[in-house]
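Trainee: Could you walk me through this model? I'd like to start with the helices and then look at the sheets and the ligand.

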Amino acid sequence: MLDKAPNGKVSDLLSALDKALCAGEVEHAVDLFQADCYWRDLVTFTWNIKTMEGKDQVRDMLKARLADTKPSNWKIADGEDASEADGITESWIQFETAVARGFGHMRLKDGRIWTLLTTMSELKGHEEPLGFDRPMGAKHGAERDRTTWKEDREAETAELGYARQPYCVIVGGGQGGIALGARLRQLNVPTIIVEKNERPGDSWRKRYKSLCLHDPVWYDHLPYLPFPRNWPVFSPKDKIGDWLEMYTKVMELNYWGSTECKKASYDENSREWTVVVQRDGQEIVLKPKQLVLATGMSAKANMPKFEGMDIFKGDQHHSSQHPGPDKYKNKKAVVIGSNNSAHDICAALWEAGADVTMVQRSTTHIVRSDSLMELGLAALYSEQAVQSGMTTAKADLIFASLPYKILHEFQIPVYNAIRERDADFYKRLEKAGFLLDYGDDESGLFMKYLRRGSGYYIDVGASELIANGSIKLKSGVDVQRLTEHSVILSDGTELPADLVVYATGYGSMNGFAADLISGEAADKVGKVWGLGSNTSKDPGPWEGEQRNMWKPTQQEALWFHGGNLHQSRHYSQFLSLQLKARMEGIPTPVYGVQKVHHLG
Ligand SMILES: Cc1cc2nc3c(=O)[nH]c(=O)nc-3n(C[C@H](O)[C@H](O)[C@H](O)COP(=O)(O)OP(=O)(O)OC[C@H]3O[C@@H](n4cnc5c(N)ncnc54)[C@H](O)[C@@H]3O)c2cc1C
C-alpha cells in the first residue's frame with residue numbers, strides 16, 4: 001500500500017511556501033525552513049549557481065529576488081510521490097517563475113525544509129523542440145526551388161562566422177564544448193565551437209594509448225543521446241573520441257576543427273567580444289556577445305622545472321604528451337607523480353616490458369574501481385540503478401541536491417566502508433612504501449575532485465603492480481635534478497632513465513583566460529574550480545559552489561565550462577539557459593556574483 005502521508009506533508013509545506021512567496025511574505029517563507037537549511041539554486045531565483053546556507057541567507061536572497069522571480073504553482077512533481085525514511089521526507093517538486101519552469105527536490109526534517117534544490121528546466125516561450133514539438137524535418141507539399149536539409153546546413157555552415165556572427169563562441173571542442181554546443185543548438189542560439197585539433201574527439205585520441213575512462217558508462221552520457229545499452233562500462237579513449245565525433249555531426253554543431261583561438265578582447269561599450277581565430281591558416285575575427293572557455297581543466301599542463309632537464313639525453317615529456325609505451329620495451333622509465341595518469345602510464349610501460357619507477361612526492365588517495373562503483377556510485381549510476389528506475393536526469397539532480405557544505409558528511413561513511421572492505425589492499429600498498437591518504441577529512445575521491453581536481457587514482461590494476469614490486473616505487477622524495485642519463489632524487493638516489501614522464505597534473509583554467517584575453521582579465525575572474533574548503537590546494541574562505549564554473553563571472557559575458565562527463569552534461573543545461581535568456585533579452589539580474597579571493 002502506498003503511504004500517502006509523505007505526500008500530504010510535502011503538499012502542505014509546498015502550499016504554505018507558495019502562499020508566502022506569492023504574498024511576498026519573506027518571513028513566513030523563511031519560517032518554513034530549518035535553522036540548518038540549504039537552498040541550492042541553479043539559475044531559477046538567482047540567475048546564478050548558488051547555495052544559500054541557513055535562514056539568514058535564504059532571507060537575504062528572497063528579499064533581493066522574490067519580487068522579480070514571482071514563483072508560483074509549487075507542487076509535488078507530476079507523476080511523483082513523496083517518500084519518507086529515517087525521519088526525512090523527500091520529494092521531487094515543480095514550480096514556475098515569471099519566465100521559466102522549474103523542477104527540484106526537497107527534503108523535510110521535522111516538518112520544515114532541510115534541503116531545497118531549485119533548477120531551471122526551460123524558459124517559457126523558448127522551450128526546446130521535443131516530443132510533440134519536434135521538427136517535421138521533411139517539408140510536405142510542393143514548393144518551387146525548395147532547399148533540402150543538406151543545403152540548409154551547408155548554407156548555415158558557409159554563412160555563420162562570416163556573413164553572420166554567432167551569438168556565442170565556445171573555445172574548446174572537447175566533450176565540454178560539444179555538450180554545451182548541443183544544448184545551445186536545441187535552444188537556437190547561433191554558436192561556433194572552435195577547436196585547435198582537427199577532429200572532435202581528438203583531445204581524447206591524443207592522450208596516452210592505454211587510457212580508458214575511469215568513470216563507468218552510466219555516469220558518462222552526453223545530453224540527448226545516451227550511450228546504447230551495449231556500450232562498454234569503461235570507454236576506451238579512441239571509442240569515446242569516435243562517439244564525440246559522431247555526436248558533433250548528428251547534433252548539427254557548427255564545429256570549426258583545426259581552428260585555434262589566438263586572442264579575445266571585450267568591448268564594454270558594444271558589449272561584444274572580438275575573438276581572433278586561425279582557421280586552417282587563415283585569420284578570422286569573430287564578434288560574439290558571449291564567450292565560453294571550455295578549454296579543459298585537465299588541459300593546461302603543469303610542467304615542472306628541474307635542474308638538468310636541458311641536458312637530459314633521453315625522452316622527457318608531460319603525461320599529456322606521452323605517446324604510449326611501445327618504444328620503451330627494456331628501457332628504464334621514471335614517472336614523476338602518483339595520480340591517475342602516473343598510474344596508468346606506469347602500468348602500460350610495465351606491460352610493454354619497460355623497467356618502471358614511480359616517484360611519489362606526496363600522499364595519494366587510491367580507491368579500487370570495483371569498490372567505487374559498488375559503494376560510491378551504484379545507487380545513482382549503475383545497471384542496478386537503471387533497473388530500479390533511476391534515470392540519468394534524476395541521478396544528476398539527486399547528486400546536485402546534496403549541498404556542498406555537508407557533502408563530505410555523506411562521503412565519509414562511503415570511504416570508511418571502502419577502507420574496511422579493502423583493508424588488505426591498502427595494507428599491502430603501504431607495505432610497498434606507498435603513501436596513502438583518504439582526503440583531508442577522510443571524505444575520499446569525489447570531494448578531492450571538487451576541491452582540487454587532483455590527488456587520486458581510481459585503481460584499475462596499477463596498484464597491484466606497485467604492491468608486488470613490479471612497478472618500483474620511490475616515495476616521500478622529490479626530484480633534485482636530472483643528469484644526462486638519470487634522475488637524482490632528494491634523498492640522493494640516482495635512477496638511471498631513458499624516459500622521464502612528468503605526470504604532474506594540470507593548471508587552473510584561469511590560465512587560459514590569461515593566455516587568450518589578458519592577465520588582467522584572468523585576475524579579475526580569479527581562480528577557477530574548488531569550493532574554498534580550506535583543505536589542501538583549495539584555500540578558504542568557503543565559497544559554497546565551484547569557483548567560476550558554469551555561472552556568471554566577474555567579467556561580463558565570459559564563462560567557464562567543463563569538468564567530467566557528468567558535470568558537463570548536467571551543468572551545460574544551466575549554462576545554456578543563462579546564455580539563451582541573455583540572447584532573448586530576458587532580464588537576468590545575477591544574485592551574489594562570487595567575490596574573487598584567489599588569483600589563478
Ligand atoms: C588521463 C585522464 C583521464 C581522465 N579520465 C576521465 C574519466 O574517466 N571521466 C571523465 O569524465 N573525465 C576524465 N578526465 C577528465 C577529462 O579531462 C575530462 O572529462 C574531459 O577531457 C574534459 O573535457 P573538456 O571538454 O572540458 O576538456 P578537453 O577534453 O581537455 O578539451 C578542451 C579542448 O580545448 C581545446 N583548446 C584549448 N585551447 C584552445 C584554443 N586556444 N583554441 C582552440 N581550442 C583550444 C583543446 O585542444 C581541447 O580539445 C580525464 C582526464 C585525464 C587527463
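Trainee: How many of the nine residues of helix 15 are buried?

Mentor: Quick background: this is a predicted model, where local features need pLDDT of at least 70, side-chain atom pairs count only at pLDDT 80 or more, and totals for chains, interfaces and linings use all residues. Residues are numbered from 1 along each chain as its sequence is written, and side-chain values use heavy atoms, with hydrogens and water left out. Helices (H or I, at least four residues) and strands (E, at least two) are DSSP runs numbered from the N terminus, and buried means under 20% relative accessible area, exposed over 50%, partly exposed in between (1.4 Å probe, protein chains only). Helix 15 covers residues 444-452 and is mostly covered, so by that cut-off the buried count is eight.

Trainee: Is Ser 341 buried or exposed?

Mentor: Ser 341 sits in helix 9 (residues 340-351). Leaving aside neighbours within four places in sequence, Ser 341 is in contact with Tyr 208, Ser 319 and Ala 503. Its relative accessible area is 17%, so Ser 341 counts as buried.

Trainee: What is the strand order in the five-stranded sheet, and which strands are its edges?

Mentor: Two strands pair if DSSP finds at least two bridges between them. This open sheet is parallel, in the order 10-9-8-14-25. The strands that pair on one side only are the edges: strand 10 (255-256) and strand 25 (558-560).

Trainee: Which residue of strand 10 is the bridge partner of Ile 193?

Mentor: Strand 9 (residues 191-194) runs parallel to strand 10, and two bridges join them. In strand 10, the partner of Ile 193 is Tyr 255.

Trainee: At what angle does helix 19 run to strand 25?

Mentor: Axes are lines fitted to C-alpha atoms, for helices over the stretch in contact, and angles run from 0 to 180 degrees between N-to-C directions. Helix 19 lies across strand 8 (168-171), strand 14 (290-293) and strand 25. Its angle to strand 25 is about 165°.

Trainee: In the three-stranded sheet, which residue in strand 22 stands opposite Leu 482?

Mentor: That open sheet is antiparallel, ordered 21-22-23. Its edges are strand 21 (479-482) and strand 23 (494-496). Strand 21 and strand 22 (residues 486-489) pair over three bridges, and opposite Leu 482 stands Val 487.

Trainee: How far is the polar backbone atom of Gly 176 from an oxygen atom of the ligand?

Mentor: The ligand is surrounded by 33 residues, and Gly 176 is among the closest; a residue counts as near if one of its heavy atoms lies within 4 Å. A polar contact is a pair of N or O atoms within 3.5 Å; within protein, one must be able to donate a hydrogen and the other to accept it, and residues adjacent in sequence count only if both atoms are side-chain atoms. For Gly 176 the distance is 2.8 Å.

Trainee: Which element gives the most to the shell around the ligand?

Mentor: Helix 5 (175-186) and helix 6 (202-205) are among the elements that give two or more residues. The top contributor, with three residues, is strand 11.

Conventions
Contact = heavy atoms within 4.5 Å.
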